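Thanks for coming, everyone. Please look at the structure on the screen, and I will walk you through it.

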Amino acid sequence: MSAPLVVFDKVEKNFDDFTAVKELDFEIREGEFIAIMGPSGCGKTTTLRMLAGLEAPTSGEIRLNGQVMNDVLPHERDTPLVWQSLALFPFLTAQRNVEFGLKMRGIGKAERAERARKWLDKMGILQFADRDISTLSGGQKQRVALARSLVMEPQVLLLDEPLSALDAHLVIRMQAVLTDLQRELGITFVYVTHSQSEAFAMADRVVIMTEGEIAQIGAPKDIYRAPANQFVAEFVGRNNILSGAVEAISDDTAKITTPSGDFAVPMNEVKLAEGQRASFVISADLVHLALDKPASENAAQCKLISEEFVGSMVTLFLEDTKGHEFKVQMQERELSTFDLKSGDDVWLSWDTQSAHVLSEE
Amino acid sequence: MNSSRPLNYVLAAYVVLIFAFVFAPIIFSLIFSFNSQRFPTIPLGEFSTEWYEKILADPDVWEAALNSLIVSSSTAVIATFLGFCTAYSDFRYNFRLKGPYLGLILLPPTIPLIIMALAMLAWFSKIGMSGQIYSIIIAHSVLTAPFAMAVIRLRLNQMDPDLEAAAWNLGGSEWKTMRHVIIPFCKPAIASGLFLTAAVSFDEFAVSWFVSGLNKTLPVIILEIVQGNIDPQVNAIGTFVFLISMTLVVLAQVFFASRQLKSIHP
C-alpha cells in the first residue's frame with residue numbers, strides 16, 4: 001500500500017453557527033481515484049475547497065505529503081481544481097486559458113505555449129487553441145478546463161462535479177477520458193459528485209458523506225454489497241431495508257422480527273445479541289419473485305405497485321400488507337414469463353446469505 | 001399581445017414630445033450658430049461662420065477649452081479609479097455596515113448641485129485650496145465617481161464568482177489575479193466609466209463656477225458671455241460642447257453595450 005498523500009486529521013469547518021464538516025478523518029493514497037459523494041449540503045464541496053485552501057478549517061489539520069497545509073495560501077499550493085462552473089477566463093483564448101497557471105508561476109512564453117499545446121493536443125482540442133472560450137461547445141470547454149489544471153502537472157487533481165453541466169452521452173464519454181487519464185498519469189484524483197453512477201463507475205474508493213460526516217468509505221462494490229448504515233443503504237438505492245428486534249440466535253444466523261415478518265440473517269460480519277434492534281438489507285437483484293408461496297424461510301407476500309425499465313433491466317416496486325416497500329430487479333425477459341400487472345399479488349424470497357446486516361444502526 | 005391602439009398613439013406622442021423638448025433647443029442653437037444675424041429670430045439671415053471665427057480668435061475661450069480638457073481627463077482617471085476600487089470592495093468583501101457604505105458612495109449625485117457647489121467652495125476656502133484647477137478636479141471626482149462605480153459594479157456582477165478563486169488556485173497571488181483576471185474582465189466597463197465621467201465633468205457648470213476662480217471651464221465661459229449680452233458666440237461654443245459630450249457618452253455606451261451583447265449572445 002502506498003503512503004498517504006493527503007490526510008484529513010479531525011478536520012472541522014464552521015460557517016458562523018453552521019457546521020459544514022465535523023470530525024473529518026480520512027486519508028487519500030498516492031495515485032488513487034477517490035470520489036467524495038453525498039447529497040447537496042453534505043460538506044463534500046467544503047472538504048474539497050479546504051484541500052485547495054479556499055476555505056480554512058476551523059480546527060484539525062490537513063496534511064499534504066506530510067506538510068501541514070492549514071495556513072498555506074491557495075496560490076502557494078499545487079492543488080489545481082476543475083470547477084463545476086468550469087471558471088474559464090472568458091477574455092482569453094483556449095490556449096491562453098491553459099497557459100494561465102504557467103504564466104502565474106513565471107514560466108517563459110515559449111515554454112508556456114509548448115506545454116499548453118501539448119495538453120490541448122492530448123485532450124484532442126488542439127485545433128481550437130486560438131478560439132474564444134465562448135465559441136466552444138460544453139464538451140470542448142470541459143476539456144480546456146481539464147487541460148488548464150493538468151498542464152500544472154500536479155500531484156493531486158481536484159474535481160468539483162465537473163460533469164454536471166454536460167449532456168448524458170457526453171458524461172459517459174468524459175468518464176472514460178477521466179479514468180484513462182488518471183491511470184495513464186498516475187495523478188491522485190479527488191472527485192466530488194452527487195452522482196452515484198459517476199462515483200461508482202470511476203473511483204477506486206468512495207467516501208460517502210452526510211450532514212458533514214463520513215457515512216462510509218470503501219471500494220464501490222463493498223459499499224454496494226455491504227452498506228454500513230441505513231443512510232448509505234438508502235443512498236445507493238436498489239436496496240430493500242428491514243429493521244426489527246433480534247428474536248433468536250443460532251450458530252451463524254439470527255432471526256429478526258420485523259413488521260413485515262420474521263427473517264433470518266447471517267452473522268458472519270456483525271455479531272448480534274438477543275433482544276437488540278438490527279437492520280439489514282437485501283440487494284434488489286438478489287430477491288426472487290414467485291407466484292406461489294415459496295419454501296424459503298425468508299418470504300414476504302407483496303402487491304405489485306409499478307415497474308421501471310432501464311435498458312433490459314426492470315425494477316419492480318412492491319408493497320407488503322403492512323405497506324413496507326420492496327424492490328426487485330431482474331432481466332426484462334425474465335419478468336415477461338410472469339405476465340404481471342399492477343395490483344397482482346406475488347411472493348418475494350431470498351437466501352439468508354443474501355441479507356447483509358448493517359453494522360451501524 | 002393585445003394592445004390598445006389609442007394608448008399606443010398616446011405613448012408614441014409622448015416619446016416624440018420628450019425628444020422634441022430635449023433636442024429642439026440644441027438643434028436651434030446649432031442652426032443659429034451658423035446664422036449671420038445677431039438676434040435669434042426667424043426668418044434666418046445668411047449662412048455664416050462668423051461666430052465660430054470669433055470664438056476661435058478669443059484667447060479666453062481657448063484657455064477655457066484647455067482647462068476643460070485637463071479637468072475632464074484628470075477627473076475621468078481619478079473617478080474611474082475610485083469607482084473601480086469601491087465596486088471591487090463591494091464585489092469581494094462582506095462586512096458590517098456595507099449598506100451604509102454603499103449608500104454613502106452613491107450619495108453625491110443625489111445632492112442638489114448648488115448645495116454641493118457651495119459646500120465645496122466653503123470647504124476649499126477653509127483649507128486654502130479654492131480657485132485652483134485641481135479644486136475643480138477634486139470636486140468633479142467626488143461628483144462623478146459614483147457613475148464609474150455603477151458601471152463597473154454592473155460588470156463585476158456578471159462575473160462568475162469562481163473566476164477569481166480559479167486564478168488563485170492556478171498560482172496567481174491576489175495582485176496578479178487583479179492584474180490578469182479582474183481588470184481584463186472589467187476593461188469594457190472601465191473604458192465606459194472613463195468616457196462617462198469625462199462627459200459629466202466636461203458639461204458640469206454649477207460646481208465648476210463656484211470653485212473655479214480664474215480657471216474657467218467652457219460651461220463657465222458660456223455663462224459669462226451670456227451674462228454680458230446676447231451673443232451668438234454662445235451657440236457656437238454650445239455646439240462644440242454638445243458634440244464633445246455626446247461623443248464621450250456614445251463611446252461609453254458603445255464600450256458597455258458591446259460587451260453586454262457579447263455576454264448575452266456568445
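Confidence in chain B is lowest in helix H11 (residues 233-264) of chain B, with a mean pLDDT of 78. It is highest in helix H7 (residues 162-169) of chain B, at 94. pLDDT is the predictor's confidence in each residue, from 0 to 100. Helices here are DSSP runs of H or I with at least four residues, strands are runs of E with at least two, and both are numbered from the N terminus. Chain B averages a pLDDT of 87, and 95% of the residues score at least 70. The model scores ipTM 0.83 and pTM 0.81.

Two ground rules. This is a predicted model: local features need pLDDT of at least 70, side-chain atom pairs count only at pLDDT 80 or more, and totals for chains, interfaces and linings use all residues. Residues are numbered from 1 along each chain as its sequence is written, while chains are lettered from A and ligands numbered from 1 in the order in which they are written.

Now chain A. Chain A has 9 helices and 20 strands. Its C-alpha trace spans about 75 × 45 × 40 Å along the principal axes. Of its 361 residues, 39% count as buried. Buried means 20 or more other C-beta atoms within 10 Å of the residue's own; exposed means 12 or fewer, and partly exposed is in between, with C-beta atoms placed from the backbone.

Next, the core. A nonpolar core is a set of buried Ala, Val, Leu, Ile, Met, Phe, Trp, Tyr and Cys residues joined through C-beta atoms within 7 Å. The largest one has 140 residues, and those with the most contacts inside it are A:Ile34, A:Leu158, A:Val190 and A:Tyr191. Helix H8 (residues 174-203) of chain B gives the most to this core, with 13 residues.

Let's zoom in on A:Leu158. Why does A:Leu158 count as buried? Because it has 25 C-beta neighbours inside 10 Å. A:Leu158 sits in strand S7 (residues 156-160) of chain A. Beyond four places in sequence, its contacts include A:Leu48, A:Pro80 and A:Val190. A contact means that the C-beta atoms of two residues, placed from the backbone, lie within 7 Å.

Last, the two chains together. The contact takes 17 residues from chain A and 16 residues from chain B. On the chain A side, helix H2 (residues 94-104) of chain A gives the most, with 3 residues.
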